[in-house]
Amino acid sequence: MAELRGRHVPVLLERCLELLAPALGRGGPTVHVDATLGLGGHAEAVLAAFPETVLVGLDRDTEALAHARARLAPYADRIHLVHAIYDELPEVLAELGIDGIDGALFDLGVSSLQLDAADRGFAYAQDAPLDMRMDQTRGVTAEEVVNTYSHGDLARVLRVYGEEKFAGRVASAILRERERNKITSSARLAELVRESIPAAARRTGGHPAKRTFQALRIEVNRELVALETALPAALDALEIGGRMVVLSYHSLEDRLTKQAFAARARSSGPVDLPVELPGTGPTLRLLSRGAEPPTEAEVAANPRAASVRLRAAERIDPDAPGRTSGTDRERSRRSVEGMHLPAGSRKGRRRVPAEGRDAASQGEGS
């Protein structure tokens, strides 16, 4: 096998192991899903720390999968590595005959291998063909996107996925350029973007092309579309007591994670009832308060961890006897308060579960 291209330092490794330990180390065989296997750094640590854990590792990048397979060879009897996207998890588990899992990790975004391999076209600082496919066996390339999308579609991709304030200007510059020459180079695209951004806006925030490259990568790989399906599917697969950790690197990923967790961390029953109806209690317990940022020490050791935000949750039994959730306590408190309010003042009061208040007070991507 070819020598590894790229440097790989697993992000927030110790914190991930700490969060997963109660689920993977509770005694007896357990199953852990690494939905974004990459070069196998997190997976190797899990297999070493939990000798009875079986790993199911997914990755759409065949080159990364090959390197991970070599890295994890000492654990060959406890691994199932599959060429798949994370939204294909239900099919992967069904084929393996696995009914439930105990742990799951999503380390989202682009991998070190993809960033450091210049010929993949992910990095705006290196000239390369405009590919950007994580799975080079299928799908459209970034070159096809920039040379065939209409102005409206291109501007939408840049604005929504890259949060680019000057999306219209960048799209116009791309259309003008492609009328003269087909855009095939990452360096040329980065130059076009830079020329499109007003000089005042170029002085801060890093390279002006980073948002455009992020947007194209997300569009090419359908990252957010896949994530929106994959998160609920992985949560559905968790056994009671199972835990899931998600590492996000931009606000769009983190927002989807926050929404997926929040929907299951609150009651689905009527808010005005004094007791929880069977089967309507929360099915998740949030393990992180908002989104956890990296420590200064983590960033110093691994600069690529600077933008990471961690969220984690545990699957709980909504009908477990004696379990009182934050939602239950909040509902009871508000019910008691309501008994002492004047009759006319009880209408129109907005009820927000405890978890929702915490999230709302900290804002998106907190």
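I looked up Arg222 and found it partly exposed, at 42% relative accessibility (buried is under 20% relative accessible area, exposed over 50%, partly exposed in between, with a 1.4 Å probe and protein chains only). Arg222 has a positive phi of about 50° although it is not a glycine. I placed Arg222 in the loop between H11 and helix H12 (223-237); helices here are DSSP runs of H or I with at least four residues, numbered from the N terminus.

A note on the source: this is a predicted model, where local features need pLDDT of at least 70, side-chain atom pairs count only at pLDDT 80 or more, and totals for chains, interfaces and linings use all residues. Residues are numbered from 1 along each chain as its sequence is written, and side-chain values use heavy atoms, leaving out hydrogens and water.

Next I checked Leu12, which is not a glycine and yet has a positive phi of about 50°. Leu12 sits in the segment before helix H1 (13-24). Buried or exposed, I asked of Leu12? Leu12 is buried, with a relative accessible area of 8%.

Last, I turned to the helix pair. How do H9 and H11 lie to each other? Helix H9 (residues 186-196) packs on helix H11 (residues 210-221) at an angle of about 125°, with the axes 9 Å apart; axes are lines fitted to C-alpha atoms over the stretch in contact, and angles run from 0 to 180 degrees between N-to-C directions. H9 and H11 are therefore oblique to each other (under 35 degrees is roughly parallel, over 145 roughly antiparallel, 65 to 115 roughly perpendicular, the rest oblique). I listed the contact residues (heavy atoms within 4.5 Å): Ser186, Leu189, Ala190 and Val193 of H9, with Thr212, Phe213 and Leu216 of H11.

Note on methods. Helix = DSSP H or I, 4+ residues; strand = E, 2+ residues; numbered from the N terminus.
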